[in-house]
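My entries follow in the order of looking.

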Amino acid sequence: METQQTKEDKLVIGGQVFDSRFILGSGKYSLDLIKAAISHGGAQMITLALRRANQGGVGNILDFIPKGVTLLPNTSGARNAKEAVRIARLARELGCGDFVKIEVIRDSKYLLPDNQETIQATEMLAKEGFIVMPYMYPDLNVARDLKNAGAATIMPLGSPIGSNKGLCTKEFIKILIDEIDLPIIVDAGIGRPSDACLAMEMGAAAVMINTAIATARDVVSMAAAFKNAIIAGRAAYLAGLGRVIDKGAAASSPLTGFLQEQEG
Amino acid sequence: MGQANEARLETGIFSEEIREHLPKNRINHMKYLPGMEAIKSDVLKEVIAARAGYDYKAYGPKEVRQALNKDSLSPEDFKALLSPAALPFLEEMAQAAKVRTREHYGNSIYMFTPLYIANYCENYCIYCGFNCHNKIKRAKLNAKEIETEMKAIAETGLKEILLLTGESSKMSDVKYIGEACKIAREYFNVVGLEVYPMNSEDYAYLQKCGADYVTVFQETYDSDRYETLHLAGHKRIFPYRFNAQERALMGGMRGVGFAALLGLDDFRKDAFATGYHAYLLQRKYPQAEIALSCPRLRPIINNEKINPMDVHEAQLVQVVTAYRLFLPYANITVSTRECAKVRQHLVQMGATKISAGVSVAIGGHSDDSEAKGDEQFEISDARTVKEVYDDLVDQGLQPVMSDYIYL
Ligand code: SF4
């Protein structure tokens with residue numbers, strides 16, 4: 001279903017070009033999930049929780065990741081900026097590349113990100129040449145600070161991690177999309193393909209999905225469903241939603257046109 | 001000791017030998033001993049009051065259904081799910097718990113193994129084979145032996161270890177435990193401790209040595225009952241033990257584990273107190289990771305009156321699923337005290353952590369080291385690490401060896 005428009009439409013993060021706007025998150029993983037996300041979901045970027053990387057041990061997630069897929073190590077487990085920086089450096093040492101998704105969480109119940117510490121970590125890591133993708137609670141001021149700190153994208157949460165509740169923060173994500181000149185990637189909370197489609201229609205640059213596919217009865221089919229939803233949402237965004245939907249009532253032909261006619 | 005307690009002693013789990021010890025002068029179990037750090041905390045008062053006020057007969061199907069329909073459960077809902085009225089709802093509880101577990105943990109099941117580095121104990125817990133009156137083979141591994149054991153464990157692919165000593169601060173002092181942590185850090189990503197309660201500065205020291213998780217079993221949250229079961233030693237001091245998790249968090253530990261030994265006293269009240277204790281501490285220390293274990297009494301050396309029959313499998317399922325629904329974010333561990341069958345069912349409905357390749361004797365993991373000390377209890381699931389791993393995969397679950405980077 002590629003149209004002329006979508007063909008040229010690429011996602012660029014930190015200079016790297018991606019055809020796919022589906023990023024696989026890391027919360028839940030299994031070999032089957034990773035395979036399905038790549039071959040049926042078209043994912044080209046896969047998040048890796050470094051704390052799960054079991055170097056040299058059995059069940060090492062690194063062994064599951066095929067070549068040609070970009071690894072996005074995250075700093076999950078970090079409770080402050082300093083710890084996030086250390087995990088990012090470790091990831092680099094392990095050969096995971098320069099991409100890093102910052103997650104700083106000091107709440108074990110809701111797993112909500114700490115925006116303040118995230119800004120600090122972003123600044124430090126951007127200076128060290130990382131391509132920094134911070135996970136954040138959608139707050140416009142914080143997003144601006146993150147951009148100034150050198151973030152490559154902004155990753156606002158749709159709803160709490162793992163909750164599958166959809167885009168609870170929709171209005172605030174929309175503000176980020178309107179105001180911040182960076183790719184806005186919706187992370188966490190996307191529970192169904194329709195949520196992903198909605199995020200893409202709104203103008204999100206990509207979506208990160210994990211639990212929704214990991215916990216589906218049929219992982220492969222669900223990965224494919226998400227792929228199609230993301231493509232459809234993106235196409236709708238590029239096509240320009242009718243203004244009635246996007247901004248409320250707006251007439252299709254001008255009501256005051258007669259004034260010009262009179263003058264002319 | 002009140003009259004009610006005297007009456008309780010007539011029934012239950014006291015052998016002849018223990019009866020002889022009972023009447024002797026016992027120290028006040030609510031008073032701190034010299035050297036024990038007293039912290040400012042209301043958690044104990046709150047838990048004890050809530051436990052005392054928990055009348056599980058007051059809950060009916062209506063309250064159970066209400067609890068099952070909620071996204072976020074209150075302590076009242078938790079009480080309903082632990083009540084006898086919830087027993088007919090076990091299947092629904094299990095289904096709901098499964099959904100909740102998958103939301104938070106996906107299909108992941110964490111694997112670890114306990115390593116007993118010593119079994120000296122100064123306490124007299126009448127239900128435990130390690131207690132100071134039991135003439136068992138005592139031993140303590142030296143640094144070289146610890147390393148040999150750890151090497152052997154690491155070769156199985158495990159990345160998380162739980163270090164246990166008996167509770168003797170003389171034979172296994174903080175420094176000794178610290179050395180064991182340093183060695184463990186070389187081989188493992190996660191180092192947990194299940195040792196005697198200590199002061200926050202000791203926890204801080206052990207955290208620097210590489211430990212990041214502290215588990216302390218309160219055994220029972222009824223302080224009167226507790227007093228009759230823990231006749232001597234530091235463990236007798238109920239509040240010092242109760243506040244151990246909080247001191248561990250103050251010392252910088254990442255996570256803490258809780259448990260009541262189900263069957264020692266009224267298991268519904270103890271399960272409630274365990275969950276509520278964890279709940280309150282997480283509210284007070286939001287960054288803290290929380291883990292719960294659900295041990296049932298097991299037979300031990302020299303006390304044939306102890307058996308786990310009071311808490312049947314249905315009750316165990318009720319406790320595990322109620323824990324899960326009340327604390328969706330907590331890790332729930334099932335130990336090798338349970339048989340393979342029970343464990344395989346529990347990981348489908350709420351448990352997220354499972355031990356494997358367990359030896360509860362002192363030494364005994366490596367081929368060339370023969371067990372030096374006796375075992376604390378009988379294990380029921382003797383599967384190796386590989387067997388547990390493969391069984392989890394067959395069940396559609398994802399075994400996870402490591403979930404932490406020590407920083
Ligand atoms: S339960 Fe623990 S403290 Fe009590 S006797 Fe056994 S090893 Fe010692």
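Entry 1. I checked the length of helix H5 of chain A (residues 115–127): at 1.5 Å a residue its 13 residues should span 18 Å, and its end C-alpha atoms are 19 Å apart, which agrees. The expected span is 1.5 Å times one less than the number of residues; helices (H or I, at least four residues) and strands (E, at least two) are DSSP runs numbered from the N terminus.

I noted that this is a predicted model, where local features need pLDDT of at least 70, side-chain atom pairs count only at pLDDT 80 or more, and totals for chains, interfaces and linings use all residues. Residues are numbered from 1 along each chain as written, chains are lettered from A in the order written, and side-chain values use heavy atoms, without hydrogens and water.

Entry 2. I looked at the start of H5(A), where a side-chain oxygen of Asp114(A) reaches to within 3.1 Å of the backbone nitrogen of Gln116(A). After H5(A) I found Gly129(A), with a positive phi near 90°.

Entry 3. I turned to the interface of chain B and chain A, which bury about 2,500 Å² between them, 51% of it on carbon and sulfur atoms; buried area is the accessible area (1.4 Å probe) lost by two parts on being put together, summed over both. Gln398(B), Ile405(B) and Leu407(B) supply 25% of the area that chain B buries against chain A, more than any other three residues.

Entry 4. I found 1 salt bridge between the chains, a side-chain nitrogen of Lys or Arg within 4 Å of a carboxyl oxygen of Asp or Glu. Lys165(A) forms a salt bridge with Asp71(B), with the closest N and O atoms 3.2 Å apart.

Technical notes
A polar contact is a pair of N or O atoms within 3.5 Å; within protein, one must be able to donate a hydrogen and the other to accept it, and residues adjacent in sequence count only if both atoms are side-chain atoms.
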